[in-house]
Amino acid sequence: MKSNRVLRTPGGLSLRLDVRAVTVVVLLLLAAFAASVVLIGTGDFPIPAGDVVKTLFGNGDAGQEFIVNELRLPRVLVGLLVGASLGLGGALFQAVTRNPLGSPDVLGLGQGATAGALVMIVLFSGSAAQVTLGALVGGLVTGLAIYLLAWKQGVHGYRLVLVGIGVSAIVTAVNGYLLTVSDIVDATRALVWMTGSLNGRDWDQVWPLLAVCAVLVPLVLVNARGLRMMEMGDDVSNALGVRVERVRALLMVAAVLLTATATAAAGPVGFVALTAPQLARRLTRSPGPNLLASLCMGAALLVTADWASQRAFGADQLPVGVVTGVLGGVYLLWLLVTERRAGRI
Amino acid sequence: MSNDSTTSSGLNNRRSTVNRLSAEKVTLAYDQRVIAEQLSVEIPDNSFTVIVGPNACGKSTLLRALSRMLKPSEGRVLLDGQVIQSMPAKKVARTLGLLPQSSIAPDGITVADLVGRGRYPHQGILRQWSTEDERVVQESMAQTGVAELADRYVDELSGGQRQRVWIAMALAQQTPLLLLDEPTTYLDIQHQIDVLDLCAELHEEQGRTLVAVLHDLNHAARYATHLIALKNGRIIAEGAPNDIVTAELVEEVFGLRCQVIDDPETGTPLVVPAARKARTEARVAATEAS
């Protein structure tokens, strides 16, 4: 059952911890670290896990240091940060919409970012940096459009999901159009981007992601208590003194920024935002948005999926988006079936 | 209007000069649809005020305005002399509680955890769960008779038990004023009485000011110390049920011919609708006359 522990100081400070949730977070962090170590060790020059750890802590030899720190660590860090951003963004969206389907994948944020990237690739033959910027802008504009279209004296969950599905359909059509007018080289490049991949990611992708996370994650966690109250409906949370519209707007903006930055860095890696919060919730068995657990779950999932995509078909044969797409698709089917049985859709 | 109400309400002999909660000439509207115009209401301190009226008369809307869920397009709602919208949200939440009609129990939450969420306005990021919180939650569960359900999941409970849990959550908020929007809806008669008894207890024994919207006029007449009859967004009558509930009032407010007799149990007014035949004949006579 419930296993809450309370820490109190003589000064009147008190913290309430759900022991199970904390345990889950710690285990997921360990899992993400372990998967990262294995992933760094994987490649044309395999490195044993022990050496990887040693190198990461600054005690490796020069050759390994170059491979680990310059070649493979950035990719793993991008994977961790993208996974964490998607996990947290998904958890925020699902909590705000009070719907497990209310994730960025379903709402069309991924498609929006894709549209931005496609415009850069197809119309301007832009550089990698320009494509990233295009994806970021595309994601943000789509997020804003969904929010404004769904606005009717406040934003309500179900409305947001329906509007999001509509917007997603429109943007998908635009993306299809852009692909048909592109030449074969651009189209190939676009398709690779659209699958979501961590290939060739370096420190240039790490820093912006890290900066966004460093600002947004604490901001989101500070507002988590209000979000937890909002689970009970707008009226109850208003009555409890939560400024519902303000918290919701703030968290939506944070979620859109997290998702758009992650998508800009790695392409629309499918289904992580949809599955990570649900898996985290099943592990913690705790009500509430489970933000931290979702974040860690997203990071662990993405790095594990990246490792699987490399191992299964040889190095860099398969973009990570294919693996998450297949796993997530199966999960989405299962979710639709159970939600339908429960009479929620 | 407010003077009438404070003198006629038996429990309010103290006659405070200003009541804690009031609405001053508020206009209430959803989008462009105006529900009430220039409506002024005083909630007498320490009363059990019940708002009654036909469907769509604006009673729930009035309650939403009083609990700052709906911002009046004109006029203002005052809590302790301040405009309620301008007060810090948590401060209001420590003074005024609301049990809304629609509330969602999160999946897999236990009774004790749900009741504990009522402590939110008393907590902060560094003060998440004090011994006081613990004590109040236990007390609230005991008062509502759900203490033995503390570790059960809310989804497993019956409708009546669940409503008690939500009331316990509102109690844990420890507000001197408590607003309830149709707290007896969807409950069978036994649980309706059960919830109303609990409200009466909170009012009489703890001196909380209660404001409830009720559908059942007889329940309202039996439990209220102060009754507000609303029609088309206007107050038709207000005061102690014994003073204001008459056959004429019921006909005016609800358009229903009836007799008002003394409740054999409590002596409060009891509304007995006229038989169908009598009502049909009256209607025919009325149309012929006109």
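**Two chains, loop by strand**

Biologist: In which loop of chain B is the place of B:Q174?
Modeller: This is a predicted model, so bear that in mind throughout. B:Q174 is found in chain B, in the loop between α6 (159–172) and β7 (177–181).

Biologist: Is B:Q174 buried, partly exposed or exposed, and what is its phi?
Modeller: A residue needs 20 or more other C-beta atoms within 10 Å to be buried, and 12 or fewer to be exposed. B:Q174 has 18 C-beta neighbours inside 10 Å, so it counts as partly exposed. B:Q174 is not a glycine, yet its phi is positive, at about 55 degrees.

Biologist: Which loop holds B:N232, and what is its phi near?
Modeller: B:N232 falls in the loop of chain B between β9 and β10 (234–239). It has 14 C-beta neighbours inside 10 Å, so it is classed as partly exposed. Here again is a residue other than glycine with a positive phi, near 50 degrees.

Biologist: How many residues of β3(B) are buried?
Modeller: Strand β3 covers residues 48–52 of chain B. B:F48, B:V50 and B:V52 point one way, B:T49 and B:I51 the other way, and all are buried. The strand is largely enclosed by the rest of the structure, because the buried count is 5 of the 5 residues.

Biologist: Which residues stand opposite B:I51 in β8(B) and β9(B)?
Modeller: β3(B) runs parallel to β8 (residues 209–213) of chain B, with 4 bridges joining them. Another 4 bridges join β3(B) to β9 (residues 226–231) of chain B, again parallel. Opposite B:I51 you'll find, in β8(B), B:V213, and in β9(B), B:I228.

Biologist: There's also an open sheet of 4 strands in chain B; which strands stand at its edges?
Modeller: The order is β2-β1-β4-β5, with antiparallel pairing. A strand with a single partner has one side left without a neighbour in the sheet, so look for those at the ends of the order. In chain B they are β2 (33–43) and β5 (82–83).

Biologist: What is the bridge partner of B:T27 in β4(B)?
Modeller: β1 (residues 21–30) and β4 (residues 74–79) of chain B run antiparallel and are joined by 5 bridges. One of the pairings sets B:T27 against B:E74.

Biologist: Which helix packs on that sheet?
Modeller: It touches β1, β2 and β4 of chain B. Its direction makes about 120 degrees with that of β1(B). It is helix α2 (residues 59–66) of chain B.

Biologist: Over to chain A: what is its radius of gyration?
Modeller: Chain A has 15 helices and 2 strands, and its C-alpha trace spans about 60 × 55 × 40 Å along the principal axes. Of its 345 residues, 52% are buried. A compact globule with 345 residues would come out near 20 Å, and chain A agrees with that, having 20 Å.

Biologist: How far apart are the end C-alpha atoms of residues 131–150 and of residues 162–185 of chain A?
Modeller: UniProt (unreviewed entry) lists both spans among the "transmembrane region" features of chain A. Residues 131–150 are 100% helix and 0% strand, while residues 162–185 are 92% helix and 0% strand. The ends lie 28 Å apart for residues 131–150, and for residues 162–185 the figure is 36 Å.

Biologist: Which element of chain A gives the most to the side that touches chain B?
Modeller: The two chains meet through 25 residues of chain A and 29 residues of chain B. On the chain A side, β2 (14–18), α10 (224–230) and α11 (234–239) each supply at least two residues. By class that side has 12 nonpolar, 6 polar and 7 charged residues. With 4 residues, the element that gives the most is α11(A).

Methods. Residues are numbered from 1 along each chain as its sequence is written. Chains are lettered from A and ligands numbered from 1 in the order in which they are written. This is a predicted model: local features need pLDDT of at least 70, side-chain atom pairs count only at pLDDT 80 or more; totals for chains, interfaces and linings use all residues. Two residues are in contact if their C-beta atoms, placed from the backbone, lie within 7 Å. Ala, Val, Leu, Ile, Met, Phe, Trp, Tyr, Cys and Pro count as nonpolar, Asp, Glu, Lys and Arg as charged, and the others, Gly among them, as polar. UniProt positions are given in the numbering used here, feature names are shortened, and annotations may be inferred rather than shown by experiment. Two strands pair if DSSP finds at least two bridges between them. Axes are lines fitted to C-alpha atoms, for helices over the stretch in contact, and angles run from 0 to 180 degrees between N-to-C directions. The radius of gyration is taken over C-alpha atoms; the globule rule is 2.2 Å times the number of residues to the power 0.38.
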